[in-house]
Amino acid sequence: MSPWLILGLFPVAWLGFVALNLALCPRSIQPASQKGLPKLSVLIPARNGAQTIGPCVESLISQVYPDFEILVLDDHSTDGTGAIALAAAAGSDRFRRLRGRPLPEGWRGKSWACHQLAEAARGELLLFLDANTLAEPGLLARLVTTLQVRRADLLSGLPQQRCGSIGTALLHAQQILPVIVALPIFLVPRRNHEALVAASSACLLFRRESYRRIGGHAAVRQSGADHVALARLIKRSRGRVLFCNLKDTLQCRADRSPGAAWRSVVRSQYPSVGVTILVTSLLLLLFLLPPGALLLGALSGMDAGDRIALSAGTIAGGVIGVLTCRSFRLPGWLGLLMPMQALLYGAIASTAVWRAWTRQGYAWRGRRYA
């Protein structure tokens, strides 16, 4: 069998895997009644998030849920984040603002902020949200109902990305495409598959006893990807992790400038450069090599059967992209730019690997990490 034929048929076969992944990715469940839902603590670490914290708090204050509290920890912000959060709460007795303590040696900033929030929380359930998220009506009830019905110890998932430009849309699609294309999401809840784990820092809902059992954020204090590390610890403790499509319940306001979006995406790949290299290879095989080989074959007189296979592979790659983007309310045209997406992910991976290899680390929110 011709290698060109194999290269062309590979994306066609992978399309079936992606379609299955999207079909089986859990969604949040609408509760029939909110009676009996447990007390919930919504915990938001915030550092220099003046542009996003106000709408975030407002969207949470308006939630209908029987018993919940909102805690925002102002992590030494210099842009008035804490005052903006307090104003957005409009005097609600559900809201508490905490002032972050100095960062201890050996901790990363966000893990330390989340640890302090968990210490102050009073709920049976702990929901960690990023300060740039926006809750749709019914978010809290739907997340808690889903956690209970699916008997999970940790619920996380991908929110809808709200992008302000083509550049930021292209970059933030990189946080969704690799998960859907490369990871069998339907196997994530399996307790005996510790390596198959997924989590998003934007949304982490824990049962309090499960969070305590694994040691909380103190157990991952030095991790650059604390959300993934926590999910692995839940599985290691024989708990159940659920990874959902949260496009109907949660939005994430992406960085407005392409530069900030680039730094954000590179930072998210830095702690797991080995996985990033494997995903890059897969994306190149699926989306870049088939159209590239097809173009080369058109110029060099390739066999007709090989050209048909490569054409089918190129079309299948586009279908994968469109299906994935539309499933998370990203513009469908992003899916038609899959060769560009593969190249962009390769550039992100190369930057992350180079920074790891040269021990440059990265800067984030005014702090630098090795």
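Guide: A residue is buried when its relative accessible area is under 20%, exposed when over 50%, and partly exposed in between (1.4 Å probe, protein chains only). Helices (H or I, at least four residues) and strands (E, at least two) are DSSP runs, numbered from the N terminus. This is a predicted model, where local features need pLDDT of at least 70, side-chain atom pairs count only at pLDDT 80 or more, and totals for chains, interfaces and linings use all residues. Residues are numbered from 1 along each chain as its sequence is written, and side-chain values use heavy atoms, without hydrogens or water.

Start with helix α5, residues 139-149. Nine of its 11 residues are buried, and the helix is mostly covered. The buried residues of α5 are Leu 139, Leu 140, Ala 141, Arg 142, Leu 143, Val 144, Thr 145, Thr 146 and Leu 147. Just after α5 comes Arg 151, with a positive phi of about 55°.

Now go to strand β9, residues 241-245. Five of its five residues are buried, so β9 is largely enclosed by the rest of the structure. Side chains in a regular strand alternate between the two faces of the sheet. In β9, Val 241, Phe 243 and Asn 245 point one way. Leu 242 and Cys 244 point the other way. All of these are buried.

β9 has a partner in strand β6, residues 154-158. The two run parallel, joined by five bridges; a pairing needs at least two DSSP bridges. Gly 157 faces Cys 244 of β9.

Next, the rings. The structure has eight aromatic pairs. Phe 10 and Trp 14 form one that is tilted, at 5.4 Å centre to centre with 40° between the planes. (Rings of Phe, Tyr and Trp, the last by its six-membered ring, pair with centres within 6.5 Å; planes under 30 degrees apart are stacked, over 60 edge-to-face, the rest tilted.) Both residues lie in helix α1, residues 3-24. They are four residues apart, about one turn of the helix. Phe 10 is partly exposed, because its relative accessibility is 26%. Trp 14, at 23%, is partly exposed as well.

Tyr 65 and Phe 68 make an edge-to-face pair, because their planes meet at 85°, with centres 6.2 Å apart. Both of these residues are buried.

Finally, return to α1. Phe 10 and Trp 14 belong to a cluster with Phe 17 and Phe 186, linked by ring pairs.
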